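Here are a few exercises to work through with the model open. Try each task before you read its solution.

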Amino acid sequence: MRSSFLLCALLRNVPLLRNIVKVETKGAFQTAKVNRLSTTGVKASHELANRDLAEMMKYRKEILSVGKSCFDSHHELLVASVVSCRRGVHPALIAAIISRQSHAGTILNLRGFGIYDSNCFGLMQISKLYHNVDERKGPFSREHLDQGAAYLCELINTMRKNTGWTAEQHLKGAVACYIAGPDKVIGLKYEEVDSVTPNEDFANDVIARAQWYADNGFEMP
């Protein structure tokens, strides 16, 4: 399938997806205030990630499975398939998106859509306005996580149009695209990517949460 080869091509720059700890982040500011935390920045993001840890552990096995690498000792892609491409995403980043988007599934209605955004489905809050959402698979399913991870891979490829950016900057830009859409992010300066996201801190917050999850049960296998 042509789409499979395109998606696999996204992972040629392996460290982009694996080395989440190398991505610069300021953490949460307005989101920290909304959650009435006494601190802001990276420390606040870590506290918010920790709040969701108990619930997140329910999905740990599936998250790690989706995030598992299919690389050899030289970190080269072995299997040219959509599934293996999706598995190049760091599991801590998947967990961080789930934490920010759905508080590890605790703010979903009985159908699996967001309480605060009825157009967004599942743990990763994928919008039915822009994606084919299959409710039959369930909001906590492996298929849902695969879809979210594959979308993130596509966004990373989109952000590579900003050729003057580093791999880590592409990843952070892709996280901003995940919530705001690529049309709003492409063309911005790197320092501006969060200017179009909710609370103007989505990408920074998610990256900081991912770095915390990487040290707390969601490391790259």
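pLDDT is the predictor's confidence in each residue, from 0 to 100. The mean pLDDT of the protein is 85, and 82% of its residues reach 70 or more. This is a predicted model, so local features need pLDDT of at least 70 and side-chain atom pairs count only at pLDDT 80 or more, while totals for chains, interfaces and linings use all residues. Residues are numbered from 1 along each chain as its sequence is written, and side-chain values use heavy atoms, with hydrogens and water left out.

**Exercise 1.** Find where pLDDT stays under 50.

*Solution.* Start with residues 1-16, where pLDDT stays under 50. Contact means heavy atoms within 4.5 Å, and the model has 34 contacts beyond four places in sequence for residues 1-16. Then go to residues 69-87, also below 50, with 42 contacts beyond near neighbours in sequence.

**Exercise 2.** Work out how helix α8 packs with helix α10.

*Solution.* First, locate α8 at residues 91-102 and α10 at residues 167-180. Next, get the geometry: the angle is about 35° and the axes are 12 Å apart. Finally, list who touches: Leu93, Ile97 and Gln101 of α8, with Leu171, Val175, Tyr178 and Ile179 of α10.

**Exercise 3.** Which residues have the most contacts inside the largest nonpolar core?

*Solution.* A nonpolar core is a set of buried (under 20% relative accessible area, 1.4 Å probe, protein chains only) Ala, Val, Leu, Ile, Met, Phe, Trp, Tyr and Cys residues joined through side-chain atoms within 4.5 Å. The largest one has 48 residues, and Ile63, Leu93, Ile94, Ile98, Tyr178 and Tyr213 have the most contacts inside it. Apart from it lies another core, of 5 residues, including Ala28 and Leu37.

Conventions:
Axes are lines fitted to C-alpha atoms, for helices over the stretch in contact, and angles run from 0 to 180 degrees between N-to-C directions. Helices (H or I, at least four residues) and strands (E, at least two) are DSSP runs, numbered from the N terminus. Buried means under 20% relative accessible area, exposed over 50%, partly exposed in between (1.4 Å probe, protein chains only).
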